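Biologist: Could you take me through some of the charged side chains of this model, one at a time?

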Amino acid sequence: RDSDHRAWTPVSCTVTRQNATVQGLTEGKAYFFRIAAENIIGMGPFTETTKEIVIRDPITVPDRPEDLEVKAVTKNSVTLTWNPPKYNGGSDITMYVLESRLIGKEKFHKVTKEKMLDRKYTVEGLKEGDTYEYRVSACNIVGQGKPSFCTKPITCKDEIAPPSLDLDFRDKLIVRVGEAFSLTGRYSGKPSPKVTWLKDDIVVKEDDRIKIKTTPTTLCLGILKSVREDSGKYCVAVENSTGSRKGFCQVNVVDRPSPPVGPVIFDEVHKDHMVVSWKPPLDDGGSEITNYIIEKKDAHKDLWMPVTSATVKTTCKIPKLLEGREYQIRIYAENLYGISDPLISDEMKAKDRFRVPDAPEQPVIKDVTKDSAVVVWNKPYDGGKPITNYIVEKKETMATRWVRVTKDPIFPSTQFKVPDLLEGCQYEFRVSAENEIGVGDPSPPSKPIFARDPIAKPGPPVNPEAVDKTKSSVDLSWQPPRRDGNGKIIGYLVEYQKVGDEEWKKANLTADSCPETKYKVTGLTEGMTYKFRVRAVNAAGESEPAYVPDPVEVKDRLEPPELILDANMAREQHVKAGDTLRLSAVIKGVPFPKVSWKKEDHEVSPKADIEVTGVGSKLEIRNTVHEDGGIYSLTVENPAGSKTVSVKVVVLDKPGPPRNLQISEVRSDSCYITWMEPEDDGGSVITNYVVERKDVASAQWVAISSSSKKRSHMAKYLIEGTQYLFRVAAENQFGRGPYVETLKPIKAIDPLHPPGPPKNLHHVDVDKTEVSLVWNRPDRDGGAEITGYLVEYQEDGADEWTKFQTVPMLDCVVTGL
């Protein structure tokens, strides 16, 4: 069936072979074909061609590709190119197949895996030293054609050769200005080397005059119309991965010299000769100066006469001059390559009569101050001899006598600062010049000047700012101008402007009403916003205004209190008893805060003097005592807030009395004394305790310890039976505190103990309501005579004993039972 139709057309029904020829087809059209087998039972299913077939003339495989060439070889790759076959077999080439064979093997192996249409391919990943041969085939729709002829055997190795350089120029080359020159040569190397030209180590770049031409084998640097700046050391560098080679050439572009450097100096001038000098040319043309040519000319003639043409010195004597005539000199420099343009001198008269210098022109006075002025003048004609000194003179305008201002020489400067002028006086100045012949005439007098500092308008005040305000005023402050214009600042003008208005109003009418760098602007409206500016004024006038940076709203200012503590308000303040206690602090805040001093949250002692000023407060207590110590607090408060600081004051004094003095362990010759430290140590460590005793019959206290650091002491060497009083005092570095004394005396006797129990208690008689008891004395009486015996009875089964009576003897009748 035609590919454009769906209907099938039968071709043959009786084909018994497995092939058939279909005729009557149209060239260029596409067809589908299908085949079914048939037997006596019937026809089987069809099998259809998978894709359409276009009817055209028979096609064959392509011819073999041509001109297979090796383009590059490295140690692990080979690059090949080829041309297409002369005939493609009637169908487009669809791909090329490149094959290789390792020498020594029989089979060719396919190199390209992907579908390749390019006619250039680099085979990579080869082994260095292996030898291969290659062939290539073309493919079309029919299939793969014949392979090309094989390449020669190719061994994998890098093709390298270090650079070589063959130059056509020598080490040195001399070229005349304007001529062209070229530096040429040949080079080789594998891989192909890079060629670089340098001049004095800087890479040469092409432009209109400089041309660089490099082929695979030749190199050339050409310069057209050379100039002096082309001189230098040229270098050509040929470099590849294996090395480099360099060639050098020192090129010197030569020319005639530039003119000698002027001016021509007339070192000596006489009636018949002169001596002149000059400086060598800035550029000798690349060749040494071989000669100077000197000529002279009468200024009123056009003829130049030779003086000499054979000198290399830069000085020359010009002879054979006519007195009174004016002459010009011209000088040429010469080298091997030519003569320079001339240097021509000014006119100079040949004369031998030297004289004193001419009078200078009227001097000019500048930089006048109250005691000095600078005199400036122009140099006059020197009279043929160099000026060696200038003489400056001054005189007061109304005086007649000129006075020299300094005996020191003034030269070569043509100005001088004259010192020691009298302020307010008017002066004139004149100048004379002096050479070796003498002193010339003085100049005309200068214009009169007054000796006083020049006054200019001052600069504007510095950093004006609003430092305080109320509901009707603003306090301004600023710093003096950086420039006062050399005149005393008379005062300041303050102006203000309501924001939104154009008019500035004066806060003060005259500058002398505000001589200080502050001013209170009053009469302002509460709640309004104002701008402010200040001008400085001296005798020369008013300065430019300086503006307060931001507009100010007029209202009472609130600033929370701030305390700046003085050194005596540290956390703890020690003061010696009897000295004066001072506590003080700087206080800030708007409005100024209310100040209150407290001690331990109570009012301070009436003896304290409290002072409050506009900037701070001070508390002072004279003749301090120990009770003045404690925590003192300073509180400042205003509507914006409050602030409190505290300081602990320690009044250093003698300690207080020891506490809890007790006597124990009394014996006939000793007792043990104990106490506790004082409640108040006086602000200093207790160093020791003093213990004293006194016989009650004596008026004199006797020290028994004065260096004890312990709070106890054993009093020894007492007299038995004597009654004693004891007292103790504490000491620190400030002295001995008050004594604490025993309340009642103690007797030096051994201690008494209770007696022992009576012995052998038994009854001797019993009645129905009474019992007669007897007993023996106890073994020990406790250190004192027994004064009686206590008799007690208890009913059987009861818990309590009932006291009966105390009897003095060793027997008793208990009654009432």
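Biologist: Is Lys 759 buried, exposed or partly exposed?
Modeller: This is a predicted model, in which local features need pLDDT of at least 70, side-chain atom pairs count only at pLDDT 80 or more, and totals for chains, interfaces and linings use all residues. Residues are numbered from 1 along each chain as its sequence is written, and side-chain values use heavy atoms, with hydrogens and water left out. Buried means under 20% relative accessible area, exposed over 50%, and partly exposed in between, with a 1.4 Å probe and protein chains only. Because its relative accessibility is 36%, Lys 759 counts as partly exposed.

Biologist: Which residue forms a salt bridge with Lys 759?
Modeller: A salt bridge here is a side-chain nitrogen of Lys or Arg within 4 Å of a carboxyl oxygen of Asp or Glu. For Lys 759 the closest N and O atoms are 2.9 Å apart, and the partner is Asp 779.

Biologist: How many residues apart in sequence are the parts that Asp 779 and Lys 759 tie together?
Modeller: Strands are DSSP runs of E with at least two residues, and helices are runs of H or I with at least four, numbered from the N terminus. Asp 779, exposed at 65% relative accessibility, lies in the loop between β65 and β66. Lys 759 belongs to strand β64 (residues 759-766), so the pair ties together parts whose separation in sequence is 20 residues.

Biologist: Which residues does Arg 777 touch, leaving aside those up to four places away in sequence?
Modeller: Arg 777 sits in the loop between β65 (771-776) and β66 (789-793), and is exposed, with a relative accessible area of 52%. With contact meaning heavy atoms within 4.5 Å, Arg 777 touches Lys 759, Ile 786, Tyr 789 and Leu 810.

Biologist: Which strands hold Arg 330 and Glu 295?
Modeller: The side chains of Arg 330 and Glu 295 meet in a salt bridge of 2.5 Å, N to O, and both residues are buried. The pair ties together parts that are 35 residues apart in sequence, because Arg 330 lies in strand β26 (residues 326-335) and Glu 295 in strand β23 (residues 291-298).
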